[in-house]
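Let's take a walk through this structure together, one part at a time. Have the sequence and the 3D view ready, and follow along as we go.

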Amino acid sequence: MGATYTVTRDDIITLAARRLGILDLGGTLDASTLNEGVMLLNLILKQLATNGLKIWTITDYTLTLTTGKKDYIIGPGPSPVPDLVASKPLKLIQARMTNITNPVPTDVNMQLLSRNEYNLLGSKTALGMINAVFFEVKDTYSIVHTFLDPAQIIVDQWDLVLTVQTTIDDALSGSASVSFPVEWYNYLVWKLADEWSIQWGCPANLRAEISTKAMFYEDQLNGWDVENTSTYFQADRRLSANDYGTS
């Protein structure tokens, strides 16, 4: 008994081709068709990163702070040179300062600022304890802007920990699984078939059936693949008088 069954990237592409009726059972795809399937599948994976928050892509990044430095680049490099070499984060979910000198680490939550809120702040180069961050996404990297600039005592005693949503890994190896939970694989087969169907000249009724199946599985997954705890809302008072040095 077990629950470890999985499929590879090429298995997904092969199954999609069979759904389209362009590959017989037991047949194999030629190199050109397989390469096009690889390209299309990777484009789909990139697109799916915009489709809500995927809980398996959430991870913690730890930034080592530098005195007087308020802008930190996170990305794979080499240009611009990152302060933290890692996959580009797409969203910042939570930020906290962690005291690394205490026997029991102490966390202090940070406020997450919008661009407008950050721009309205007072002196952004003043030294002190960081109490807020602004997260900016670029094409191949992201930037974390802190407020305030960390003083030396802060650098010596604290790290900035970011809970982020990272990018979905590319499907580059034919024999490896894609960076999705196995529950998503059936959907990826139908989604790839849906994207591929027009090119292969599938009849309209078959394209419609494939599209319906892809949408059905996507709706199921988006309803299931969510956090299992409650969400709470409260009034945002960050721009009230005297907050963050504004008036």
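**A strand in the middle of things**

Four of the five residues of strand β2 (residues 71-75) are buried, so the rest of the structure largely encloses this strand. Here, buried means under 20% relative accessible area, exposed means over 50%, and partly exposed lies in between, using a 1.4 Å probe and protein chains only. Helices (H or I, at least four residues) and strands (E, at least two) are DSSP runs, numbered from the N terminus. Before going further, please keep in mind that this is a predicted model, in which local features need pLDDT of at least 70 and side-chain atom pairs count only at pLDDT 80 or more, while totals for chains, interfaces and linings use all residues. Residues are numbered from 1 along each chain as its sequence is written, and side-chain values use heavy atoms, with hydrogens and water left out.

Which strands are the partners of β2? Strand β9 (residues 142-147) runs antiparallel to β2 and is joined to it by four bridges. Two strands pair if DSSP finds at least two bridges between them. Along this pairing, Y72 has V144 of β9 as its bridge partner, and I73 stands opposite I143.

**Helices and cores**

Let's turn to the helices. The axes of helix α1 (residues 9-19) and helix α2 (residues 31-48) come within 10 Å and cross at roughly 105°. Axes are lines fitted to C-alpha atoms, for helices over the stretch in contact, and angles run from 0 to 180 degrees between N-to-C directions. The two helices, α1 and α2, are therefore roughly perpendicular to each other. On the α1 side, the contact is made by R9, D10, I12 and I13, and on the α2 side by L34, G37, V38 and L41. Contact means heavy atoms within 4.5 Å.

Leaving out residues up to four places away in sequence, I12 touches V7, L41, V178, L188, V189 and L192. I12 is also one of the residues, along with V178, F180, L188 and L192, that touch the most other members of the largest nonpolar core, which has 32 residues. The elements giving two or more residues to this core are α1, α2, α5 (185-196) and α6 (204-224). The largest share, eight residues, comes from α5.

Finally, find K191 in helix α5. Is K191 buried or exposed? K191 is buried, with a relative accessible area of 19%. Setting aside neighbours within four places in sequence, K191 is in contact with I44 and A214.

Methods:
Angles under 35 degrees count as roughly parallel, over 145 as roughly antiparallel, 65 to 115 as roughly perpendicular and the rest as oblique. A nonpolar core is a set of buried Ala, Val, Leu, Ile, Met, Phe, Trp, Tyr and Cys residues joined through side-chain atoms within 4.5 Å.
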